[in-house]
Amino acid sequence: MRETMAVEAIEVGTVIDHIPAGQGLNILARIQKLNSNARLTVGLNLPSKTSGLKDIIKVEGWLFSEQDAAEMALYAPNATVNIIEKYKVVKKFKIGIPEEFLGIFDCPNSNCISNKEPSPTRFRVKAKQKDLFLRCHYCERTFADTLFMPKSR
C-alpha cells in the first residue's frame with residue numbers, strides 16, 4: 001500500500017503533530033486567539049502509527065517559539081512542534097509541560113485579584129500521577145487542569 005500525506009506540505013511555518021485526537025480544536029482555538037489571521041490547515045482523527053488516531057495543525061508563516069508552544073501544553077503535552085523553512089524541518093521539539101503558565105489562563109476563582117486587576121495571571125504546575133493541577137500565585141488555590149480555558153490576549 002502506498003503511503004500518502006493527508007495534509008498538504010507548507011513552505012514556511014509550524015506543524016504541531018501528534019496532538020491527541022480530539023484536542024486539535026482546543027489548540028486551534030488558542031492559535032486563533034493568539035493570531036486571528038493565522039493561515040491554518042487542520043487534520044482531525046488522522047491515522048497514527050503510535051497512538052491510533054491523532055490531530056495535526058499546520059500554521060503557515062508563523063514560526064512558533066517554545067513559549068508559543070508551551071501555551072498549548074495542557075491540551076497536548078506530548079505533541080511535537082516542527083519548524084518548517086523551504087518545505088523542510090529545520091527545528092523539532094516536544095511541547096512538554098512548563099513549570100509555570102504566565103498570562104495564558106484566567107483564574108477560575110472569581111474572587112481572585114487577578115480577575116479584577118490588570119496583572120498577568122501566574123500558575124505553578126503540580127503533577128500528581130497522570131493528573132495536572134495548577135496553583136494560582138495570587139489566591140493560592142489549586143485547580144484541576146480541566147477547569148482552564150485560554151485567556152484572550
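**View 1. Pairing of strand E1 with its neighbours in the predicted model.** Strands E1 and E3 pair in the antiparallel sense over 6 bridges; pairing requires that DSSP finds at least two bridges between two strands. Strands (E, at least two residues) and helices (H or I, at least four) are DSSP runs, numbered from the N terminus. In E3, Lys 54 is the bridge partner of Pro 20. E1 also runs antiparallel to E4, to which 5 bridges join it. The model is predicted, so local features need pLDDT of at least 70 and side-chain atom pairs count only at pLDDT 80 or more, whereas totals for chains, interfaces and linings use all residues. Residues are numbered from 1 along each chain as its sequence is written, and side-chain values use heavy atoms, with hydrogens and water left out.

View 2. E1 is largely enclosed by the rest of the structure, because 6 of its 8 residues are buried. Buried means under 20% relative accessible area, exposed means over 50%, and partly exposed lies in between (1.4 Å probe, protein chains only). Thr 80 is found in strand E4, where it stands opposite Asp 17. Thr 80 is buried, with a relative accessible area of 7%. Residues up to four places away in sequence aside, Thr 80 touches Val 15, Ile 16, Asp 17, His 18, Lys 92, Phe 93 and Lys 94; contact means heavy atoms within 4.5 Å.

**View 3. The largest nonpolar core.** A nonpolar core is a set of buried Ala, Val, Leu, Ile, Met, Phe, Trp, Tyr and Cys residues joined through side-chain atoms within 4.5 Å. The largest one has 33 residues, of which Ile 16, Ile 27, Ile 31, Phe 64, Ile 95, Phe 101 and Phe 105 touch the most other members. Elements that give two or more residues to this core include strand E1 (13-20), helix H1 (24-34) and strand E3 (52-60). H1 gives the most, with 4 residues. Contacts of Ile 31, not counting residues up to four places away in sequence, include Ile 16, Trp 62, Phe 64 and Met 72.

View 4. Leu 25, Val 42 and Leu 44 make a nonpolar surface patch of about 240 Å². Patch residues have over 30% relative accessible area and no salt bridge, and nonpolar side chains (Val, Leu, Ile, Met, Phe, Trp, Tyr) are joined within 5 Å, like charges within 9 Å. A salt bridge is a side-chain nitrogen of Lys or Arg within 4 Å of a carboxyl oxygen of Asp or Glu. Val 42 lies in strand E2 (residues 39-48) and is partly exposed, with a relative accessible area of 33%.

Note on methods: Areas by Shrake-Rupley, 256 points an atom, 1.4 Å probe, with all protein chains shown as cover.
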